[in-house]
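Please examine the sequence and the structure shown below.

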Amino acid sequence: MTSLAEVPLAPADPAAAVRLAGARAGLADVSSLLAGAVGTSLAHHAPGPLPAGTPAEVLAAASRALGPAALPERGAGELPALQLLARVMSQYGVDLAHPHAAAHLQPPTLTVAVAADVLAAAGNGSLDTYDSGPAGIAVERWLIGALTRLARLGPDADGVLTPGGSLSNLLGLHLARDAAALHRGVDVRRHGVAALPGPRVLCSEVAHFSVHRACAALGLGEDAVVPVPTDSDHRMRPAALDAALSALGPDETPIAVVATAGTTDFGTVDPLPAITEIAAHHGVWSHVDAAYGFGTLFSDRLAGRLDGIEAADSVTLDLHKIGWLPAATSVLLVSDPAGFGALDRQVAYLNPADDADAGFDGLLGRSLQTTRRADAVKAAAAFLALGRSGLGAMVDRCHDLARHAQARIESDPALELVTGADLTTVVFRYRGHDPAADDRLNAELRRSLLEAGTALIGRTEVPLAPADPAGTAAPRRVCLKFTLLNPTTTTDDIDRLIAAVLAAGRRCDHHARERTA
């Protein structure tokens, strides 16, 4: 591959080479450049979902292609630079549109959303102030209205886009923390969390790790997290939640109850009606982490699984998961916009009071960010282009693929189903000749597929048995995972993916026998 160092240099005069993108003529220039790079990208795609080779080999090859890690004194020009990057991204990147890319909550993206994202980038507006980008503000307000209606949060509900689900959870718990503190007469925003006794955040024992991260970042400490036991389907037990809240003493402050709608490993949804009712009974903020599961509201078949979400105080959702949008397109919704008061700021050069009173205000007071790009544009494009029924059909297709994978796994004696297709995820194991060595075997099986570049599947660890009568948890075992978010994948593709897993399992098991012979 030609490196940047080998590309002919552009003219030395910067003015002769510079073109600026924008919403007018600049978009034509952007379109021309992208067209010039598309052929390069298509010509250099790896045959599988990942480039073949060890991580060290792949990363070194990509680095060599870029050339020395130094800002060149003179540029190579727009098209050569873009073509080089297209080759690197295609040859050494991940192809999420490949039917054997099934590892993470990371889908291929809708073409219309990618095109809309270019529109937003070319305009380069920001949402913090009116005069930084009124169109982007209008599009985000439209999108938030559509999402709050979809979630049935009520006419006063509001929301904001964030850089990802972990940040949406952080923001939701930030609002919950300040609300709980004010209830105790503590102004955390001004005086910090030291005066807040024993903060507690209750969530299921399989909740996303971002809950712990958020508590650390908010000064509550990871020890503030109280894990609530789950049932055999990995769903929070309402009775255990009620007991945990009732057991809190006067020197403890319940900050929030976090329910999960779509666990990362299993796709399971906590019993939202019971959880939100229990939280309300105890006067505690209820937050639903629906980063994965919110997209089921597009589907008539699956929407009922999120019944109860309408009673939450805040909701996290990621449209770059079930939504098929370029990352990151995450959203925090709140039932009462007064909660955003914790973020309100007046800054003389951004949003003076008289400007705000005259309507020249932006969205600065809804986010921890100041400059914030118009990510809602790509979401609005997908919503307007496909509608709920179009997106719902994609959800149903992925759910069908997961159910097909489950059936195939259950029918093969070399595979063990661990959890079935609740949403679009299936967890399973390969059975080797020595059950005691199956953890190592499954880990090696997955790595062998990654190194060959033939299949991209996930990995997790799950206790395969319930806790014993004394409450001691069973050991966690290495499992494999399909996360199926490509609606263009066929059942034949799934069959070939499972065949690749079986072949890799046999190879790895054979090598294990040789090692112990």
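In which sense do β2 and strand β8 pair, and over how many bridges? The pairing of β2 with β8 (residues 330-334) is antiparallel and extends over five bridges; strands are DSSP runs of E with at least two residues, numbered from the N terminus, and two strands pair if DSSP finds at least two bridges between them. Within β8, L332 is the bridge partner of V160.

This is a predicted model, in which local features need pLDDT of at least 70, side-chain atom pairs count only at pLDDT 80 or more, and totals for chains, interfaces and linings use all residues. Residues are numbered from 1 along each chain as its sequence is written, and side-chain values use heavy atoms, leaving out hydrogens and water.

The seven strands of an open sheet follow the order β2-β8-β7-β6-β5-β3-β4, and their pairing is mixed. Because β2 (158-162) and β4 (225-228) stand at the edges with a single partner strand each, one side of each has no neighbour in the sheet. From one strand to the next, the twist averages 20 degrees.

Helix α6 (residues 134-150) packs on the sheet and touches β2, β7 (314-318) and β8, contact meaning heavy atoms within 4.5 Å. The direction of α6 makes about 115 degrees with that of β2; axes are lines fitted to C-alpha atoms, for helices over the stretch in contact, and angles run from 0 to 180 degrees between N-to-C directions. Helices are DSSP runs of H or I with at least four residues.

Strand β7 contains T316, which counts as buried because its relative accessibility is 0%, the cut-off being under 20% relative accessible area (1.4 Å probe, protein chains only). Among the residues that T316 touches are H287, D289 and L332.

Technical notes:
Buried < 20%, exposed > 50% of the residue type's maximum accessible area, 1.4 Å probe, protein only. Lists of a residue's contacts leave out its neighbours within four places in sequence.
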